[in-house]
Amino acid sequence: MKKLLILTFGILFMISCTDKKKKEDEKKVETAIQKIDSIEKNLEEGMDKLNEAAENVEEQLQELDSI
């Protein structure tokens, strides 16, 4: 009876440790996703600025060609 009780508590302890580990892993994954989203937004903003600069340069080149 005593062994069964100890075994039961051992199994419950292992399950609770596993749940904590899963929660920690989920937090790490969520943090990584947020970082990736932030990087993606920064890249999109940078691409937009580059596109605007390229259009500006193209317009200036067309003006020079027309002279």
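Modeller: Start with burial: this is a predicted model, and buried residues make up 0% of the 67 residues in the protein chain.

Colleague: What makes a residue buried here?

Modeller: Buried means under 20% relative accessible area. With the buried share at 0% of the 67 residues, the chain exposes about 6,800 Å², and carbon and sulfur atoms supply 62% of that area.

Colleague: Why is Ala 32 called partly exposed?

Modeller: Ala 32 has 36% relative accessibility. Ala 32 sits in helix H1.

Colleague: And why is Glu 63 called exposed?

Modeller: Exposed means over 50%, and Glu 63 comes in at 53%, so exposed is the label. Glu 63 is also in helix H1, which covers residues 2-66.

Colleague: What makes Ile 67 exposed, and where does Ile 67 lie?

Modeller: Ile 67 has a relative accessible area of 84% against a cut-off of over 50%, so Ile 67 is exposed. Ile 67 lies in the segment after H1.

Colleague: How do you compare the protein chain with a compact globule?

Modeller: By radius of gyration: a compact globule of 67 residues would have one near 11 Å, but the protein chain has 29 Å. The C-alpha trace spans about 100 × 10 × 5 Å along its principal axes, and the chain has 1 helix and 0 strands. For C-alpha distances, Ala 32 and Thr 8 are 24 residues apart along the chain and separated by 36 Å. Ile 67 and Glu 30 are 37 residues apart in sequence and 56 Å apart in space.

Colleague: What makes up the nonpolar surface patch?

Modeller: Leu 4, Leu 5, Leu 7, Phe 9, Ile 11, Leu 12 and Ile 15 make that patch, about 710 Å² of it. Patch residues need over 30% relative accessible area. Leu 4 is in helix H1.

Colleague: Which residues gather in the patch of negative charge?

Modeller: Among them are Glu 30, Asp 37, Glu 40, Asp 48 and Glu 63. Like charges are joined within 9 Å. Glu 63, at 53%, is above the over 30% patch cut-off.

Colleague: How many charged side chains are there, and how far apart are the centres of the two sets?

Modeller: The protein chain has 11 positive and 16 negative side chains, with the centres of the two sets 29 Å apart.

How values were computed. Residues are numbered from 1 along each chain as its sequence is written. This is a predicted model: local features need pLDDT of at least 70, side-chain atom pairs count only at pLDDT 80 or more; totals for chains, interfaces and linings use all residues. Side-chain values use heavy atoms; hydrogens and water are left out. Patches are made of residues with over 30% relative accessible area and no salt bridge: like charges are joined within 9 Å, nonpolar side chains (Val, Leu, Ile, Met, Phe, Trp, Tyr) within 5 Å. Accessible areas come from the Shrake-Rupley method with a 1.4 Å probe; for residues, only the protein chains shown count as cover. A salt bridge is a side-chain nitrogen of Lys or Arg within 4 Å of a carboxyl oxygen of Asp or Glu. Lys and Arg count as positive and Asp and Glu as negative; His and the chain ends are not counted. The place of a charge is taken as NZ of Lys, CZ of Arg, CG of Asp or CD of Glu. Helices (H or I, at least four residues) and strands (E, at least two) are DSSP runs, numbered from the N terminus. Buried means under 20% relative accessible area, exposed over 50%, partly exposed in between (1.4 Å probe, protein chains only). The radius of gyration is taken over C-alpha atoms; the globule rule is 2.2 Å times the number of residues to the power 0.38.
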